[in-house]
Structure formats: C-alpha cells, structure tokens
Amino acid sequence: MNSDAIPIAGVHHTARPTWKLSDTVHFYRDLLGLPLVHAISARGWGAENHADFLHFFFDAGQGATIAFFYYIGTEPPDFVRPLDDYRYRASHTAWRVETREQLLDCRTRLERAGIRVHYQVRHEVIESIYFDDPNGYPIEITWQVRPFEAIDMADARRSIEAAITLEKAQRHGGAAFNTIEQVWQAKATALEQELGSF
Amino acid sequence: MPAIFVLAVPEFMPLVDQARQRSSYTVSGPKNGYYKIDAPGAIEFERRSLGFKPAVWHGALTGGLLGQIECFDNDRMRLVDRVP
C-alpha cells in the first residue's frame with residue numbers, strides 16, 4: 001500500500017441481515033466451525049422505524065469476522081431476497097485459505113456436512129470454491145496461487161484506464177461501450193504507442 | 001496483420017509457448033512486461049490445447065488486441081485485421 005493510502009489493515013467484519021437466526025448460527029458455528037465471538041443485543045435506535053436487533057460475529061481468522069443482523073419481529077424486505085442471477089452473486093465475500101490443500105480440505109468438510117459446493121474454479125491467480133449459506137448468500141473460499149507483483153499492477157492500470165476512456169466517451173455522446181473487445185483494442189493501441197517497436 | 005499483447009506472467013504463458021512453435025507466428029519481447037504475438041492473416045488458438053480452464057480462456061486477450069475478433073467461443077478464437 002502506498003504512503004498516501006488510508007491506514008486500513010484488512011477486514012474487520014462483513015455484515016448482512018438474516019431472518020434465519022438458528023440456521024445461521026448452526027451453519028457458521030457448528031458446520032463451518034467458526035467461533036461465535038461477540039453478540040450485541042439492543043433496542044432499535046437511530047432510524048425511527050429501526051427494529052430491536054441482535055448483531056453477532058463469528059471469528060473468520062486474522063482479526064476478521066463474519067457478522068449478521070437479526071431484526072426481531074420483522075419480515076425480510078424484497079430488496080434483500082437472494083436472486084439466482086450473477087449480478088446478485090457479484091456481492092459476496094471470499095474467505096482466504098493459504099494453500100490448495102486447505103482449499104480441498106474445505107471442500108471435503110463442506111460436503112461431509114451436507115453443504116453443496118456449486119463450483120470449483122481456477123481463475124488467473126486464484127482458485128475458489130463457491131457455496132451458499134442458509135440465507136442464500138453466496139460464499140467463496142479462495143487460495144491465491146502467487147502474490148500480485150508490480151507487473152500485475154501496471155497491467156491492471158492499463159486495463160482500467162482503457163475502460164474508463166471508453167466509459168467517458170460513451171457518457172459524452174461517443175461510441176457505445178458494450179464489449180470487452182473494445183477494452184482490449186484500446187489497451188493495445190495505447191500499449192503500442194507506449195512500447196514502440198519490439 | 002493482427003497482433004496480441006500477452007502479459008508475461010505464468011498463467012498466460014501457454015499463448016507465448018504455443019505461438020513460438022508455429023513458424024508463421026512471430027513472438028517478440030518481453031518488453032515492459034508484455035510479449036507481442038503477430039501472424040499474417042489470422043491468429044488462432046484453441047482452449048484445450050493451451051490447457052486453459054474456461055475462466056482464463058475468456059480473459060486470454062487481457063494484454064490487448066491489435067485487430068478484431070472474428071470468432072471467440074468457449075473453445076476457439078480467431079483474430080483478424082481490424083476492418084475500419
């Protein structure tokens with residue numbers, strides 16, 4: 001992290017609402033084996049319509065926790081209902097393991113506990129397994145094959161700058177930005193200018 | 001002639017290795033972290049022979065494309081000169 005970055009040091013908690021208290025505790029504490037380490041129980045405060053609630057935390061390693069809110073006496077609003085759609089699943093947390101053996105061990109233990117693992121996917125620098133919790137929230141466990149290096153950062157900058165240029169052009173009445181091919185072309189054009197002859 | 005840039009990291013190296021085996025393909029670099037592959041007429045790759053899993057295959061042109069996609073499905077890509 002560069003010296004201008006805000007001084008954050010990893011994840012403290014992720015938080016999502018649940019309307020399945022016992023199922024959620026059973027899943028995270030008993031099946032995944034993550035200790036329940038903290039529980040806030042409070043009367044609703046702040047927003048006028050705020051329900052009384054429990055806010056509880058499972059230890060997820062290295063100071064991170066997985067947290068839930070349970071809003072007592074309420075029904076889930078439509079906007080939190082899980083959807084079978086990649087855009088819904090885009091909001092997820094991926095939990096880290098250190099080795100491929102640990103990833104495979106996770107898969108074995110999940111399946112032994114009756115939890116269905118949807119996929120195991122090898123990406124460019126990570127390999128992941130995907131499953132759902134009792135609330136329908138997507139969970140990923142991932143193993144990173146190699147650390148990110150300066151070459152990855154430089155390439156990421158070039159990809160995102162090419163895409164931003166296309167997004168800006170579209171916003172200002174230019175060509176529609178609707179394919180990744182446009183990014184690859186814009187990036188290559190910029191790279192050719194930058195690198196000159198090989 | 002169409003060309004692609006390939007980031008010089010292990011996960012994309014099969015593109016470079018395979019291009020080097022073909023007499024009509026030219027592999028240059030790496031320069032500033034990129035190989036450049038070009039070929040007269042068209043650049044073609046097939047996913048299985050590269051040993052690419054689908055997630056890597058579908059991002060295989062991340063380094064950049066000088067040309068355009070004529071075909072890019074789950075198993076095969078063919079890249080040609082860009083038609084203005």
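Start by selecting chain B and colouring its buried residues: they make up 37% of the 84 residues in this chain. Keep in mind that you are looking at a predicted model.

Along the principal axes, the C-alpha trace spans about 30 × 30 × 20 Å. Why does chain B agree with a compact globule? A compact globule of 84 residues would have a radius of gyration near 12 Å, and chain B has 12 Å, so the two agree.

**Secondary structure**

Switch to cartoon view. Chain B holds three helices and seven strands. Trace them from the N terminus: the order is β-α-β-β-β-α-α-β-β-β.

Now display contacts within chain B. Take those with a separation of 6 or more: 60% of them join residues 24 or more positions apart.

**The side facing chain A**

Bring chain A into view and select the contact between the chains. Chain B puts in 23 residues, and chain A puts in 19 residues.

Which elements of chain B give two or more residues to this side? Select them one by one:

- strand S1 (3-7) of chain B
- strand S2 (26-31) of chain B
- strand S3 (34-38) of chain B
- helix H3 (54-57) of chain B
- strand S5 (65-66) of chain B
- strand S6 (68-72) of chain B

Notes. Residues are numbered from 1 along each chain as its sequence is written. Chains are lettered from A and ligands numbered from 1 in the order in which they are written. This is a predicted model: local features need pLDDT of at least 70, side-chain atom pairs count only at pLDDT 80 or more; totals for chains, interfaces and linings use all residues. Helices (H or I, at least four residues) and strands (E, at least two) are DSSP runs, numbered from the N terminus. The radius of gyration is taken over C-alpha atoms; the globule rule is 2.2 Å times the number of residues to the power 0.38. A residue is buried if 20 or more other C-beta atoms lie within 10 Å of its own, exposed if 12 or fewer, and partly exposed in between; C-beta atoms are placed from the backbone. Two residues are in contact if their C-beta atoms, placed from the backbone, lie within 7 Å.
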